Amino acid sequence: MVLTNAWTENTGANLRNFNEQEALDSVNGALALRSQIETIIDKIWTEGFDGIYFIGIGGTYASSMQVEVYMRGRSRLPVYVENAAEFLTTGNKRFTNRSVVILSSVSGNTKEMVALVDRVHEIGGRVFSFIDTPGSILTNPDKQDYLVVYPKNEQLKFYMVANYLMYKNGEFNDYDRYNQEMEAHLARVLADVEIQSDSWAYNYAKACTEFQHAHPDLPRYFIGSGNQYGATYSYAMCYWEEQMWIRTKSISCQEFFHGMQEIIVHDTPVTLFMGEDEQRPLAERVAHFLPKVCGNYTIIDTKEFELAGISPEFRGSISHLVMHGVNNRVDAYMELFLRHPLSIRRYYRQFAY
């Protein structure tokens, strides 16, 4: 596989595992949470804080990394990212009874996240939770201080928090224009990404599974930087390893040249995620290197999509969502060619460990 610039025209009518109206409603429903999120952030702002901590485990940790790197170069606010299991064992001396945790959980009962909330409350900190599942443990009144219950769209919800925090801090003058564009166009844009990338994803998934069957012990490498590194980390671990049972390694573009480049040969399976935030030059450096040593690489570049209605200066803030749309289509066909539902787990939550 090599770099492709050909995203094909398609319609959403018959795509595998894709309901166009549900996709539109899901994103628009998340965007409609903005007033609720703003009200919560206003309360947190009034009460005061000495740090905002995005904390997660697995995929939610990846989303936390994405929002932290998004804010790091834009905001002077004290924003940190933590892994829940590390926080429970190591702690963080900067974390006090004036600190705020922002977290997300699909199930609402992940062991590490439940323990995290209890630990935060023992310290006296506050918890702002996005929970997908109503009636779960983490929706109980004693487990949260501020709560939003709405399924999916975790990364979008985190960015909505980040954007309003920066607006409150005088660091996002285009906040109103940004939200007008997103609320008018984002749902349609992300649905179109899935539709346009479907045929490409079919061929990519088919080639990947054929290579996997021929080389079952050879890992597939995923590379990304900026808000794409969280996508890279999560996609390799939570999707290809956990759901597809395929060996992978994820690495950031900035670290690629300090080890991984030496094990790339002519047929090493490599996929590079290229976004449009400030760390794009790091991905471009990898993109320029790969053709010199490898003939089995794929570059997925969000810049190739039109994203109608989204201003150029805002594209970087949603490039991880665009990549997620492409990967949704890949997942649909990986499931088909692997011949097992991606909802099945060998070990995860199957027994005590």
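Which residue forms a salt bridge with Asp-217? The legends below take up this and other close-up views.

This is a predicted model, in which local features need pLDDT of at least 70 and side-chain atom pairs count only at pLDDT 80 or more, while totals for chains, interfaces and linings use all residues. Residues are numbered from 1 along each chain as its sequence is written, and side-chain values use heavy atoms, with hydrogens and water left out.

**View 1. Asp-217 forms a salt bridge with Arg-247.** Here the closest N and O atoms are 3.7 Å apart; a salt bridge is a side-chain nitrogen of Lys or Arg within 4 Å of a carboxyl oxygen of Asp or Glu. The pair links distant parts of the chain, 30 residues apart: Asp-217 sits in the loop between α7 and β6 (220–224), and Arg-247 in the loop between α8 (227–241) and β7 (248–252). Helices (H or I, at least four residues) and strands (E, at least two) are DSSP runs, numbered from the N terminus. Asp-217 is exposed, with a relative accessible area of 59%, whereas Arg-247 is partly exposed at 49%. For these words, buried means under 20% relative accessible area, exposed over 50%, and partly exposed in between (1.4 Å probe, protein chains only).

**View 2. Glu-194 and Arg-329 are joined by a salt bridge.** Their closest N and O atoms are 3.7 Å apart. This pair, too, links distant parts of the chain: Glu-194 belongs to helix α7 (residues 175–214) and Arg-329 to helix α12 (residues 319–338), 135 residues apart. Glu-194 counts as buried at 10% relative accessibility, and Arg-329 counts as buried at 0%.

**View 3. Within helix α10 (residues 280–293), look for Glu-284 and Arg-280.** Their side chains meet in a salt bridge of 3.1 Å, N to O. The two are separated by about one helical turn because they lie 4 residues apart in the helix. Glu-284 is partly exposed at 29% relative accessibility, while Arg-280 is buried, with 12%. Elsewhere, a network of salt bridges links Asp-174, Arg-177, Glu-181 and Glu-313; the structure holds 23 salt bridges.

**View 4. Four strands make an open sheet with parallel pairing.** Follow the order β7-β6-β8-β9; two strands pair if DSSP finds at least two bridges between them. At the edges are β7 and β9 (297–301), each pairing on one side only. Neighbouring strands are turned by 20 degrees against each other on average, direction ignored. Axes are lines fitted to C-alpha atoms, for helices over the stretch in contact, and angles run from 0 to 180 degrees between N-to-C directions. Between β6 and β7, which run parallel, there are 5 bridges. Helix α7 packs on the sheet, touching β6, β8 (270–274) and β9, and its direction makes about 135 degrees with that of β6. Contact means heavy atoms within 4.5 Å. Helix α10 also packs on the sheet and touches β6, β8 and β9, with its direction at about 150 degrees to that of β8.

**View 5. Helix α2 has Ile-37, Glu-38, Ile-40, Ile-41 and Ile-44 as its buried residues.** They lie on the same side of α2, because they cover an arc of only 165 degrees around the axis; the arc is that of the directions from the helix axis to the C-beta atoms. Their cover includes β3 (99–105), β4 (126–131), β5 (146–149), α6 (154–168) and α7.
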